[in-house]
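My entries follow the order in which I looked things up.

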Amino acid sequence: MPLAAHRRILFLVAAVSASISLTAGPRLPDSEKWIGLFTPHFRLYTTNDARSATAALQRFEAIHSFFEQAALFKGVPQTPVQIIAFSSDREYQAYTINPGAFAYYQRTRRGDYIVMRDLAPEHYEVSVHEYTHFIFQHSGLTLPLWVNEGLADLYSSVESRRGQVLLGRPPFGRLYTLRNKPWLDLETLLLVAHGSPYYSQPDKMQAFYAESWALTHMLALNPEYSPQFPKFLSLLSQGTSSPECFQLVYHKSLHQIAADLENYVSQKQLPALVLDIDVNAAAAIEPKPMAAPEAQVELALADLAAANSHAQADGESQLRSLSNKYPDSPDAEESLGYLALAQNRLDDARSHFAKAVERHSTSPEVLFYLAHLERAAGTPDQQVIDLLRRVLALDPGNYNAHLELGCVAAKANQFELAVSTLSGIDPVKPEHTYVISYTLAYSYAQLGRVEEARAYGEKAKQTALGGTDREQANHLLRYIESLPARASVTEAR
């Protein structure tokens, strides 16, 4: 193996490593008895009674069925959402991230959570509102806060009626607020962000939510606006500002939009949409009980605390306690690994992920991060290769595992493995085209397959990212061109 090529493979493995992103509560009330129920798409942990829990889960399954049948977004996630529902404001306030909200949605490395103050029927709309945020999070849309909350409010009021669904009923209190309280000017509304008082102070939140709902309702259901609403959302998601989108799509200024909105809200009855969607079967699903839900609740609450920047220390402490309390479970060590990773404590992350794997973790992501961190720590290539193979056995389509395995295999002179792994990546991300092409060219050359080596060498040259890459590709091509002559000399002997 030529020394320059060997060094290049080492460099490429490091480059691949650098290109793969490594971004990643208080104790349970002793006096409360937790129950756990589950349905196909939800896991509910609550201190409420089983009857209330059943009704809430059936409501969630109905709204899941609505989104699935309506096909409003690019696929509805099938992975279960975990719901934590308290039975008092005192319990909820210990975990809330926004004192003015009855519920919130939180995504962590371990999954998706909806945390609720209670399961009161009058708060069902709030829970559906948060589930809509879950749908948005997984849809690929990146929307400004006003339309994100406005859409969540719009879908939160979905009603099932005789095999159909009614969309557009005003959520409780929104019209009252709009007709009796001062409005935000439209410029302010469109710029509200997570740190704004309009998103954290209860008195100001009412105005923001009500006006966001009304504006979204008008855009989605008013015949004058609704035909172009999908285009409007698409432009917003691409990063175009809200005022620009109004001008580009509707050819109206903010002043005109504000005037239209005031006239729209002043109507005696707002338009609604009736859809031929039957959610009755989903609403009749019978939840099943979980065994020993307390352990899962403890982990979920500690995980939520660790994901909250204001409670991370407490969350980490609880996770460590749970790791000792349940020494056969990988769950707490997985969460500790992700927390350490997010804080760039790579040695700690490696240690926690290793413990999780020792405890028989079956998470492809955990195995991949461990392999990645072990390689960075200088662990022998074969151990890294074995871990990456386990990742692909669990998740055959894992792009990063294919990429890293191929490069590490080439570095370890396992060229057949490098070729079979890297050549199976389809499609290749543009930023990895050179790395993969160069590594395949060298691996094919070592296997004596000169034509394939030459083809990939030329591709590496064409996709070189700079002068150094191009020089290395030319050097490799010269080495490849020398291979037939060497073979003939060997044969003559």
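**Entry 1: a helix pair**

I looked up helix α5 (residues 145-156) and helix α8 (residues 202-221), which pack at an angle of about 75° with their axes 8 Å apart. Axes are lines fitted to C-alpha atoms, for helices over the stretch in contact, and angles run from 0 to 180 degrees between N-to-C directions. Because 65 to 115 degrees counts as roughly perpendicular, α5 and α8 are roughly perpendicular to each other. In their contact (heavy atoms within 4.5 Å), I noted Trp-146 and Leu-151 among the residues of α5, and Phe-208 and Trp-213 among those of α8.

I worked from a predicted model, in which local features need pLDDT of at least 70, side-chain atom pairs count only at pLDDT 80 or more, and totals for chains, interfaces and linings use all residues. Residues are numbered from 1 along each chain as its sequence is written, and side-chain values use heavy atoms, with hydrogens and water left out.

**Entry 2: the sheet**

I found an open sheet of six strands in the order β4-β5-β3-β2-β1-β9, with mixed pairing. Helices (H or I, at least four residues) and strands (E, at least two) are DSSP runs, numbered from the N terminus; two strands pair if DSSP finds at least two bridges between them. The edge strands, β4 (103-108) and β9 (288-289), each pair on one side only. I traced β3 (residues 81-85) and β5 (residues 111-116), which pair in the parallel sense over four bridges. Ile-84 stands opposite Val-115 in β5.

**Entry 3: helices on the sheet**

I saw that helix α2 (residues 50-70) lies across β1, β2, β3 and β5, running at about 25° to β1. Helix α13 (residues 293-307) packs on the sheet and touches β1, β2, β3, β4 and β5. The direction of α13 makes about 85° with that of β4.

Methods
Angles under 35 degrees count as roughly parallel, over 145 as roughly antiparallel, 65 to 115 as roughly perpendicular and the rest as oblique.
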